[in-house]
Structure formats: structure tokens, C-alpha cells
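Subject: Structure handover

Hello,

Here is the structure we spoke about. Please have it open while you read the notes below.

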Amino acid sequence: MPFFFTSLYAQKDLIESQPEIIFNYDKLKEEQDNFTLQFDFNKAVLMMEKKEYKKAIEIFKQTATIIKIPSFLNIAIAYYKLEEFDNAKLYLNNIYEYKKAIFTDTYSYMSACYYLYQISKDTQYLDIIIDISKKHKNLTEHSKRMLADTLIILKDYEKALEVLNNMKFPLDLKKAILYLKLRNYEKAQEFLIKAKEKTFNQNMIDKILWIMVYRDLKANDLEKLVENLDLINKRKSNFKANLELPLQIFFNKDKYTSKDYLDFITNFTVKREIDYLFYFAPFVFSDSQEIIYDISKGFIFKSKQNIQSLEKMVEYNAKFIEIIKEDPIIRVKKLKELITPKTKSYVYYNLALSYAQIFDFNNAYNYFEKAYKLNPGNKLYAVMTLIAAKRIDKKVSDFEYIDTNIKSEHGLYKYFGLSLYKAVLNNQFNVKVDPLYYKDTIFYKALDYLSLKKENKDTLAHPLFEEYYKDPFVYLIKLVKRDKKQNDFEYFSKLQDSVPLFINDNFLEGPLVVTRYYLDILKAMGLFYKANLNIENKQTPSYLRTRALKQLYLGNADETIKILNDLQKEYGLEDRYTMYMQVAALLDQEKYNEASIQISLIKAILNDHDADFLTGVQLIQELKLSSAKQYFKSKYLDSMIDFRLLNIDEFLESL
């Protein structure tokens, strides 16, 4: 909170950065030409600066006989500093009850309201400050600053910035932090640089550098992050900003805004596009194409070995048809039980696709790769291997060979393989293969829809929506589609009226891409806490995982951990989604050491870039800066775990 003073020994209108207000009355009324009183008043101000509050109070009580309101305010502030709040309230209420001061001594009245709020935490006093500011068009610089600080307490950061930007006095660091609050990282950088250039106090420079590092982390500006870490490393011996403003990882249920979620559901990221394709991709039965490949390896229909192979295919198909009806997590478990030393390529492929649908992309990649290596002529297996690798940002050692193999003229599942290749890996590739009877499949239409969507073409009446509207994912995608004739109000009204809040079981269990998309729609519309996310008497593992997420958002982290631990014990889940939810729950319980161990586990099992990033954040807080730098190789993308500076709100209010 600002204060200003003008004494016999100080420059006029000097504004300091302190969490207090010291009102200095410089110009006495002309008819009260009392130089002794002016000297005493300014002497008391200097005592306040030296924290000699008791002495200052005695002098202000004398000056109050003529300069009542300014003296009362300074007396109240002195008592506030001494933590004698009852005495402070006595003098503040004297000012507050003198309504004429709103017009005759506006700044003092606003200041009194501000301190009454600090003591009582009654927001009516902040409302009065806002109301006064609306009635006074020509506020002084100090009154504007008072208004900005009030708006900051009310967390109305946009209006606070608007006020500060209309002030003559440059409050660069204050503006920088406000821009950080508003997630405008470019502007934050601009004002942090200005603040650093104008600051000579070394402790304050340390804080600015520390806030710069925080800004770099939030902005995923890894190049500047390394530069600023190097600057801090040079000042490390006396650096204490990490203790005053600790950097902490935490579960942030509000990491994204409704606007962000609306963008997520209307404009697919590359990862969501991949998840979409994994959802619609076909499972492979032991069909003729697979048999043809076996023939090329010497399996002929007349041989006894081939007859046995066919029998095994029929047996597998019968089992697979039953397994495919199961919950996706159960499906993975049962398909994994079918793996033997003589397992065929399509068995691995189906297991891989099932892993992808529960968001275990590491295992999906491993089994797609096994399928491809057993059947390198199958373009579908080959391209799925590369797509799964892209989903987990994995470098494939023989990428060039597989890429060449995919583009060759020969091979199985040519149309789907090449269409996927174009959709995800090489949008310049020209697919010349005729889809033939594949045109009748949902996968063909899903590919076609995605292609048209990426070209920003009208897809409102696409066959995918006409023929497969009962599919839960198709239903949700169609729900989000916007008619070009609709204005914003009509579009949002349609969404709010159409999103299922109660009859929604199909969206709460099944492939995870559907559940995630549904929850994103709810968050975009501000309906997440209004929707019924319970399925009575349902214990399927995919629903239980949804229930675990719901409990986490409701603040029941204990229940989340219990559900997830039970699921891991029963189904051996090692997917990123489940493991990061566990981290979020542990952080919500403030079990930071256990959360850190879980992050290390994710890093070890999944070789995950976000786990590296979070490890680096923790090392920065410990000022192990040289070690930390090696962990920032990729941008941070996790949706639940965030990082913050503790005490930053108090620091902002103090500026």
C-alpha cells in the first residue's frame, strides 16, 4: 500500500514502495500560517519513517487541533503499526464518520476506509473506495494509487491495470505482476525489464530476477529461463528471494479459463487429433489381408500348419468379440492375457489400440511397434507406431526406414495407413489409393471429417454426424459445432441448453477421449459443478477413474488416492493420466515429498517431459540451478499441475 510524505527535509510528492500510508500535510491553510505546526507535523512524519510510532503519536495529537483529519489518519496508522488495532479503529472511525471528508479530504477518507478493511476484512469499506472513485473524475495520483490497490485486493486486475496505466508515476514492477496475473507474459516481461533497469536495491533486483524466472516458466520461454537462471546463479551467495517468494508446484483446478476450454473443444490440438484417430481407428480381426501376409511367409491353405492357424484365428476372433464389449481398462487386461510367445501381429495391434484408448500411450507405442516388427508390410501398423511415438514425443531410431516403408507402393491396409500418415505426419502427402469398400466405415468418415475441419470447411452436415450420431464422441463433436449464422449469444445459449447434465452415463465411462472432451465442454460452459457425474451402482474401472477426478475437484483428495490406488492394484495402470492425477491429489493434501517421489516415478517409467519440467522447478526453488537447467528441454503442457510464487499477493499489495 503506498504512502507519501513531504517534510522539511524531503522532496515533495515522493512516493515510496511500502505497505502503509503516511499522510503528510505540506500546505497549511493560508489563514493558519503556523510554521511551528508545519515543522512539528513533518517532524512526526520523519519519526514514523524511523518507526518511532509512540513519539509520532504524541506530536500528531497536538497537530490534530488544527490539522485534524491528516493527523488522525497518521495516528491511526501508527497504532496499526504497533498492532494496537482498537486504538487505530477509534481514529479511523472518526474520519469515516465525517462524511464531508469525502469531498474535502478525499485521499484521507479513502485511506481510512482502506485501513478499516485491513483490520476488519469487511469489504464494504473497499466498496466505498470504489464508489468514491466513480464520483470523483479528477483523482490525485495518490487517490488513483489507492484505487488501484483496492482493486488489487478485490482481484480486479484488469481495472487495477487500467488505473495504473493512467498514472504519471511509473510503477513498473506492480504492473508486471498484474500482467502475470492476467497471463499476458509478453507485457509482464516488458515491465519486469523496465523495473530491473530502474532498481538499484540489490534485494529488490533479486526479487525481480526471481519473478522473471517465474514468468519464463509460465510462458514456457525456455531460452530466457536459462539466461535468468545463469544471472541468479552469479548472485547465489546472497540470494534470498526464493525464501521470501517460494516457488511451489500445486494442483490448480483453475489452470485454464472457460475461454481456454472453449478453444480446446473447438480447435483440436495435435494431441487431441491423435486421440480422436485412436478412438475411431479399427480393430483388426484375423481377416484376409492378414492371411495373405501369412501366405507370403509360406503359410498356404493346404498345409496342416495353415489349417491350425485359421483355427486359432477363429478362436481369437470369438474371444475378441466378447472382450471388445468390455470396459476399456478391463479390455486391456484381458487382451494382455492373450499374449503368448507365438502371438500374431494383429493381437499386438489390438492391444496397442486398447492401451491408446485408456491414454496409456507408452504401452500403446510398445505394442504398435511389436505389431509392426512382426508385420512390416502392414502400413496401418507402421503409421500407428509413428503416431504413438509422436503422442509421447518419442524419437524413433529407425524413423526414416519406417517412413519410407509407409510411402512404398506395396503393403497391407494401404488406404488407412496412408490417410493416417497424411493426417498426422505429413499433410503434404498425396493419397492416391482408392478407399474401395472402406468408404462405408466410420473410420473413413472420421478421417474425412478431420481433413475438412483442418481446412476450415463447412462440416455441419457431414455424413459422420448424419450416420453415426448415436456414437457418444460424434454426438459431442456435433453438439459443439457452430452454425455460421449463429451469433455468440445464440451459440452459447444452444450449448448451455443442449449439454447433457444428467443423462450422461455414456460420457463418464468408456474411452478416455470421450470423457475428457465431455468434461472440457462442461468447463467451457461453466457447468462442471452442476453436472451429475455419478453413475449409481457402477463400478467399472473407467467410471471409477472419472469419479476419482471428480472427487479431486471437490476437494476430496483422500478419496481420489484411494480409488486410484485400488485401480492400480487391480489393473496395473501405469498411464500418464492416472499417475498425474495421483500427483495432483498428493499436492492438494500438501504431501509434497510424496508428490515429488511420484513425479520421479513418472519420469522413470514414462520418460515424461513434463515430469522433467516439474523436477527442474523443484530444483530451482532449492537454487540447484546448474542441475535444474538440464530438465527444461520441452515446453510444459500438463493440465492439472501448476506452479506459483507463495506470498506474491502480499508482495503485490506492498508495492
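The notes below go from the whole chain to single residues.

**Ground rules**

This is a predicted model, where local features need pLDDT of at least 70, side-chain atom pairs count only at pLDDT 80 or more, and totals for chains, interfaces and linings use all residues. Numbering starts from 1 along each chain as its sequence is written, and side-chain values use heavy atoms, with hydrogens and water left out.

**Whole chain**

The chain has 37 helices and four strands. These elements are DSSP runs, numbered from the N terminus: helices are H or I of at least four residues, strands are E of at least two.

The radius of gyration is 33 Å, whereas a compact globule of 655 residues would come near 26 Å. That radius is taken over C-alpha atoms, and the globule rule is 2.2 Å times the number of residues to the power 0.38. Along the principal axes, the C-alpha atoms fill a box of roughly 120 × 55 × 45 Å.

Of the 655 residues, 54% count as buried. Buried means under 20% relative accessible area, exposed means over 50%, and partly exposed is in between (1.4 Å probe, protein chains only). The accessible surface comes to about 31,900 Å², and 50% of that surface belongs to carbon and sulfur atoms. Areas come from the Shrake-Rupley method with a 1.4 Å probe; for residues, only the protein chains shown count as cover.

Contact means heavy atoms within 4.5 Å. Among contacts with a separation of 6 or more, 61% join residues 24 or more positions apart.

On charge, there are 96 positive and 90 negative side chains, and the centres of the two sets lie 2 Å apart. Lys and Arg count as positive, Asp and Glu as negative; His and the chain ends are not counted. Each charge is placed at NZ of Lys, CZ of Arg, CG of Asp or CD of Glu.

Helix α20 covers residues 345-357 and holds Ala352. Ala352 is buried, at 0% relative accessible area. Leaving out residues up to four places away in sequence, Ala352 touches Ala364, Tyr367 and Phe368. Pro246 is 106 residues from Ala352 along the chain, and their C-alpha atoms are separated by 42 Å.

Phe359 sits in the loop between α20 and α21 (361-374). Its phi is near 70 degrees, a positive value in a residue other than glycine. Phe359 counts as buried, at 8% relative accessibility.

Asn607 is not a glycine either, yet has a positive phi of about 50 degrees. The residue lies in the loop between α34 (592-606) and α35 (609-621). Asn607 counts as exposed, at 55% relative accessibility.

**Helix residues and their contacts**

The contact lists here leave out residues up to four places away in sequence.

- Ile329 lies in α19 (residues 328-336). Ile329 is buried, at 2% relative accessible area. Its contacts are Ile358, Pro541, Ser542, Arg545, Tyr571 and Leu573. Ile329 and Tyr571 are 242 residues apart in sequence but 7.4 Å apart in space, C-alpha to C-alpha.
- Arg272 belongs to α16 (residues 270-280). Arg272 is buried, with a relative accessible area of 11%. Arg272 touches Phe264, Ile265, Arg516, Tyr517 and Asp520. Nine of the 11 residues of α16 are buried, among them Glu273, Asp275 and Tyr276.
- Asp172 is in α10 (residues 172-181). Asp172 counts as buried, at 6% relative accessibility. Phe191, Lys194, Ala195 and Lys198 are in contact with Asp172.
- Tyr80 is in α3 (residues 68-81). Tyr80 touches Phe85, Ala88, Tyr115, Gln118 and Ile119. From Tyr80 to Tyr53 there are 27 residues in sequence and 9.7 Å in space, C-alpha to C-alpha.

Best wishes
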